[in-house]
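Please have the sequence and the model open while I speak.

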Amino acid sequence: MGNPVGADPEAARRTAARAWIWGYPMVENYRTVYPQAIDDADPRYVGGFGVFRHYPRPFTPDNTDVVTPNNDTPYSWAWLDLRAEPWVLEKPATDRYHVLPVHDLDTAYVGFVGSRTTGDGAGRYLVAGPGHRANPPEGFDGVLRADTNLVGILGRTFSAGPQDVPEVERVQAGYLLRPLSEHLGTPRPVAAEPVWPVWRGEEALGTLEFFSLLDFLLGFFPTLPADAELRGRLTELGIGSGDFEPAALPAEVREALLAGIADARGELVAASEGAATGTALFGTREQLGTRYLDRACGALKGLYGLPVEEAWYGGWESTAGGREPAVLRFAAGRLPPARFFWSATAYRLPERLLAANEIDRYSIGDRTPGLVHGEDGSLTLYLQHERPTEEAESANWLPVPEGPYFVAVRAYGPEPALLDGSWRLPTPTPR
């Protein structure tokens with residue numbers, strides 16, 4: 001490959017910038033893995049690898065695990081270490097909307113089990129890592145083949161609100177995980193326990209610790225053909241060997257890596273300002289290809305967002321600092337065209353988290369009881385901090401923060417009109 005990139009600070013800077021964009025979703029993913037599956041002292045701990053932790057209640061402002069949390073579909077979190085053997089994933093029969101999406105370490109989706117893809121019936125599926133490519137045994141409905149040995153599942157199950165918790169719990173109780181050896185009744189193989197790096201916080205993204213984390217994570221990620229050239233350049237810097245030591249690099253190369261990190265962070269911020277979460281920022285590896293910047297934008301704007309064929313995302317940020325009431329009007333016959341359901345959820349900025357309000361309503365949509373439609377069939381939503389005085393307006397009120405806010409509109413099972421762009425989200429107008 002010619003002169004080692006480590007001996008050329010300018011080449012090292014370019015490699016660092018590319019690798020930071022490419023690796024950013026992995027490190028952001030680890031930010032979630034660490035408290036949920038590794039740090040058993042963290043309140044977010046789900047119980048380690050291979051177990052589900054269910055959240056049957058709709059989200060509130062107290063839920064801060066991920067940005068722009070979805071208030072319509074309580075989560076079921078799980079993480080799998082696939083090095084030793086595949087895992088068995090089972091789901092119950094239910095006509096309630098649900099999806100169990102499995103994502104690779106870099107957040108590319110491996111596959112989906114749920115209402116849209118596998119239907120309402122019960123099912124049993126094998127989740128297999130790159131070291132286990134054999135066909136599943138008899139009695140399986142499908143196999144999800146991951147490219148990395150560390151994968152996550154962020155399941156969603158529809159909830160109609162707090163009164164619906166018992167039914168949500170019943171469905172979630174049917175999401176089951178167990179090692180393939182347990183299913184087969186054979187001895188369980190064991191992989192060596194890695195020394196998990198401590199997640200030290202946001203500052204890791206802007207320092208050489210980013211590449212130390214990436215070096216560790218690449219041990220779970222065999223090289224793919226599309227990434228081979230970049231992985232080769234990282235190897236020349238010692239990243240990917242499992243024992244990357246920044247102090248061993250010449251000072252000018254360390255400075256070049258830091259400059260590359262700064263370049264990449266600026267590139268990501270600039271790209272994310274023009275990227276809408278309803279575009280192709282999320283998807284399978286085949287869908288994303290080598291669009292590393294798009295994948296990084298997705299991780300920044302809405303980590304674990306679903307691909308557009310599963311859930312369409314649209315929205316807008318408030319104007320005038322969020323202090324002016326606004327209305328969102330859907331004309332008759334022009335509600336979001338969704339096979340399953342749609343909703344609008346308000347978040348405070350810049351955190352993109354739910355904000356407390358006097359009626360504990362954080363989202364509104366076609367499953368909200370008591371919505372008042374116009375005589376012509378239209379639907380007007382009222383986006384404001386204070387409760388409207390008129391009863392009909394209060395029924396259609398989406399409370400928003402007093403300051404700046406963001407409203408996300410989601411349509412689950414989007415119909416063709418959403419996918420081809422012939423239906424467009426109306427723009428809210430000041431009252």
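Let me start with a term, since a salt bridge here is a side-chain nitrogen of Lys or Arg within 4 Å of a carboxyl oxygen of Asp or Glu. By this rule the count comes to 26 salt bridges. What you are looking at is a predicted model, in which local features need pLDDT of at least 70 and side-chain atom pairs count only at pLDDT 80 or more, while totals for chains, interfaces and linings use all residues. Residues are numbered from 1 along each chain as its sequence is written, and side-chain values use heavy atoms, with hydrogens and water left out.

I will also speak of burial, where buried means under 20% relative accessible area, exposed means over 50%, and partly exposed lies in between, using a 1.4 Å probe and protein chains only. Helices (H or I, at least four residues) and strands (E, at least two) are DSSP runs, numbered from the N terminus.

Let us look at some of the pairs. Glu28 and Arg31 meet through their side chains in a salt bridge, at 2.9 Å from N to O, and because these two lie 3 residues apart in helix 1, about one helical turn separates them. Glu28 counts as buried because its relative accessibility is 7%, whereas Arg31, at 25%, is partly exposed.

Another salt bridge joins Arg83 to Asp81, with the closest N and O atoms 2.8 Å apart; here Arg83 is partly exposed at 26% relative accessibility, and Asp81 is buried at 16%.

A salt bridge of 3.1 Å, N to O, is made by the side chains of Glu317 and Arg352. This pair links distant parts of the chain, for Glu317 sits in strand 10 (residues 311–317) and Arg352 in the loop between strand 12 (338–348) and strand 13 (363–365), 35 residues apart. Salt bridges that share partners also join Asp104, Asp106, Arg133, Asp147, Arg285 and Arg295 into one network.

Now, what does a charged residue have around it when it is buried yet has no salt bridge, as with Arg410? Arg410 lies in strand 16 (residues 405–414), and the nearest side chain of opposite charge (Lys and Arg count as positive, Asp and Glu as negative, with His and the chain ends not counted) is Asp72, 5.1 Å away. A polar atom of the Arg410 side chain does, however, lie 3.0 Å from the backbone oxygen of Thr68. Leaving aside neighbours within four places in sequence, Arg410 is in contact (heavy atoms within 4.5 Å) with residues including Pro69, Trp312, Phe341 and Tyr347.

Helix 8 (residues 292–302) has 8 of its 11 residues buried, so it is largely enclosed by the rest of the structure. Its buried residues, among them Arg295, Cys297 and Lys301, pack against helix 1 (9–38), helix 6 (251–273) and helix 7 (285–288). Helix 8 is followed by Tyr304, whose phi is positive, near 70 degrees.

Helix 4 (residues 209–217) is likewise largely enclosed by the rest of the structure, because 7 of its 9 residues are buried. Phe210, Phe211 and Leu213 are among those buried residues, and the buried residues of helix 4 pack against helix 1 and helix 6.

Note on methods
Polar contact = N/O pair within 3.5 Å; in protein donor to acceptor, adjacent residues only side chain to side chain.
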